[in-house]
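Let's take a friendly walk through a protein structure, one piece at a time. Please keep the picture open while you read, and look for each part as it is named.

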Amino acid sequence: MQLQLDGISKGLGADIHIYPLSLSLQAGKINVLLGQTRAGKTTLMRLMAGLDKPTGGRVLADGVDVTGVSVRRRNLAMVYQQFVNYPAFSVFENIASPLRLAGKIGEQEIRSRVEAVAEKLHIAHLLKRLPGELSGGQQQRTAMARALVKQAPLLLLDEPLVNLDYKLREELRAELKELFSNSNTTVVYATTEPQEALLLGGHTIVLDAGRLLQQGPTLEVFHHPANQRVAEVFSDPPMNLFPSTLRGQTREAHLASDIAIPLGAHLHGLAKANYTLGVRPSHVRLQPHSPVDYPLRCEVDLAEISGSDTYLHTRHGDINLVAQLAGVHELAPGSNVSLYINPAEVFAFDAQGQLAGSPQRSAA
Amino acid sequence: MKKRYFGLILYLVFAILPIYWMVNMSLKTNEEITGALTLWPRHLTFDNFRTILTDPAWYGGYINSLIYVLINTVLSVAVALPASYAFSRYEFLGDKHLFFWLLTNRMSPPAVFLLPFFQLYSSINLFDTHIAVALAHMLFNVPLAVWILEGFMAGIPREIDETAYIDGYSFPRFFVRIFIPLIGAGIGVTAFFCFMFSWVELLLARTLTSVNAKPIVAIMTRTVSAAGMDWGVLAAAGVLTIVPGALVIYFVRNYIAKGFAMGRV
């Protein structure tokens, strides 16, 4: 389905939840709505579904104005963040319910379709149970199965994995992409996690505080965030940002009084002005990666060990620097380390926060 | 060990003593009741119960009471279900005020409504019918039912309603097939309270009936006669009055605590 939002906005009293925005979803693809909590993801999704009426603007489905059309007459499916199932129905009846209501579908076909989708989501052995007897992950799988079995042209998923534990989330996340990839459904997937957006690929729409910040192919948005805010939202942990000045020799950026970072080739064209430089935590390293890497002496505030990675929170003067290091590193708070930044991996944002330069992506 | 239970045992004795005494009386003859103090029936007799269960004037009262109580319970719940759904799901002008105003109906004593009801029912030929008493009791039971049910409905996430609409349920079908089973406990508790109020209410029930729909509570006053008070039969009638309430409590006992926990009772 070709879903288009045309100048849509939503307010409640004096509060504005969505500022007027227009966007066109990629038909038959995965569209990721990325934004932190309270960015307006759920509100926007409810407008897309027709659960709420927009304050202004129109919703177009395949070119037809469906603004204000009851959700019962729209053909779509939705999965909520909470596990929403019909507690009085068995898992089978839960999944079968949209098919039964559609009418004209024989009992035989309902059975085979429900079983097929249950098989895909690994809940085939639970069909006779009630949702209340299932674990959270199984309940959410049931909700997803109910949404998928309908084969609606529009599928809305509002942070479907957020209430699940880590392991399950990883597991389902990997399955999701596969589930979506072989269908013609237009999928909208809201999430707060950059990782999820990258994993699902497709198209990403970045929202923040009710405004549309950027949209485009996911990798494109990731590599060239339109502004500072997108860079922060689309990076976990958020991108390190530090104010700097380009003066005299414009091949160097002056941070605090004592540091001048050499600029990478991609930033050589910048005019003399104040810029905010950005470095992804994953690009801050303990060892130099290339001869041009710039060392920074930092004091360790905290080392968070996540298992596969270590998040190192450090300070250099007024500058806070977070490094995402592979492996386990035990570094005592208060100790000093040298962290290396590759000038070729530095982003620059101008005084308005707009992207002034982003690292070049070569063939790799 | 004994000390711990002392208070509880004392409480139990106080709670059960009146009921025991009534059962005790109902199994005695009037001579024994008015005679010496006996802790249990010396001359065990079931005559009092026999009188009630064989005399149509007596058991008719129970039937009348049950009829209007059941009509009242069914109607109250049926009316309160959509009303409380509206209060729990929609926002409309003055919804909070209306909700509170509804409850204030319970704050006025039934006697206030006695005369208007009597006059109104007499003029439209509803006087002395079961439906008359049932409708009069609804004035008090519907607000209570709305209040209790709204609490239960507010606990059901709105997303379930929305999912049902997305799946294609029409409202009536959703309400009956999905929503009502979800608040089954709430409906049980509500029905219980409607039943109990209507069952024990005396003033309206007695005033709005004369012969055909006379409730048991009114008939119990028959035991006063020129020959004095028929204590035994009165006690037996009292025992039988407890039975329906006890039965209803037995069936909803698991939900009542929940009803109290919702803070609505």
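Two strands are said to pair if DSSP finds at least two bridges between them. Helices (H or I, at least four residues) and strands (E, at least two) are themselves DSSP runs, numbered from the N terminus. What you see is a predicted model, in which local features need pLDDT of at least 70, side-chain atom pairs count only at pLDDT 80 or more, and totals for chains, interfaces and linings use all residues. Residues are numbered from 1 along each chain as its sequence is written, while chains are lettered from A and ligands numbered from 1 in the order in which they are written.

Strand S17 (residues 309-316) of chain A is joined to S18(A) by eight bridges, and the two run antiparallel. Within this pair, Asp309(A) has Ala326(A) of S18(A) as its bridge partner. Both strands belong to an open sheet of five strands, with the order S15-S19-S16-S17-S18 (chain A) and antiparallel pairing. Strand S15 (284-285) and strand S18 (319-326) of chain A stand at the edges; each has a single partner strand, so one side of each is left without a neighbour in the sheet. As background, strands of a sheet pair through backbone hydrogen bonds, either parallel or antiparallel.

Now step back to chain A as a whole. It contains eight helices and 21 strands. Its C-alpha atoms fill a box of roughly 75 × 45 × 40 Å, taken along the principal axes. Of the 364 residues in chain A, 40% are buried; a residue counts as buried if 20 or more other C-beta atoms lie within 10 Å of its own, exposed if 12 or fewer, and partly exposed in between, with C-beta atoms placed from the backbone.

Where can you find buried residues? Strand S3 (residues 30-34) of chain A is mostly covered, with five of its five residues buried. Ile30(A), Val32(A) and Leu34(A) point one way from S3(A), whereas Asn31(A) and Leu33(A) point the other way. S3(A) also has parallel partners. Five bridges join S3(A) to strand S8 (residues 186-191) of chain A, where Val188(A) is the bridge partner of Asn31(A). Four bridges join S3(A) to strand S9 (residues 203-208) of chain A, where Thr204(A) is the bridge partner of Val32(A).

Ser183(A) is partly exposed, with 13 other C-beta atoms within 10 Å. The C-alpha atoms of Ser183(A) and Gln151(A) are separated by 8.5 Å, although these residues are 32 apart along the chain.

How much of helix H1 (residues 41-49) of chain A is buried? Nine of its nine residues are, so H1(A) is largely enclosed by the rest of the structure. Among them are Lys41(A), Leu44(A), Arg46(A) and Ala49(A). Just after H1(A), Gly50(A) takes a positive phi of about 90°.

Another open sheet has four strands in the order S2-S1-S4-S5 (chain A), with antiparallel pairing. Strand S2 (15-24) and strand S5 (64-65) of chain A stand at the edges, each with a single partner strand, so one side of each is left without a neighbour in the sheet. Two bridges join strand S4 (residues 56-61) of chain A to S5(A), and Ala61(A) stands opposite Val64(A) in S5(A).

Next come two helices. The axes of helix H2 (residues 91-102) and helix H3 (residues 107-120) of chain A come within 10 Å and cross at roughly 125°; axes are lines fitted to C-alpha atoms, for helices over the stretch in contact, and angles run from 0 to 180 degrees between N-to-C directions. That makes H2(A) oblique to H3(A), since angles under 35 degrees count as roughly parallel, over 145 as roughly antiparallel, 65 to 115 as roughly perpendicular and the rest as oblique.

Finally, find where the chains meet. The contact takes 13 residues from chain B and 16 residues from chain A, where two residues are in contact if their C-beta atoms, placed from the backbone, lie within 7 Å. On the side of chain B that touches chain A, the largest share, seven residues, comes from H8(B).
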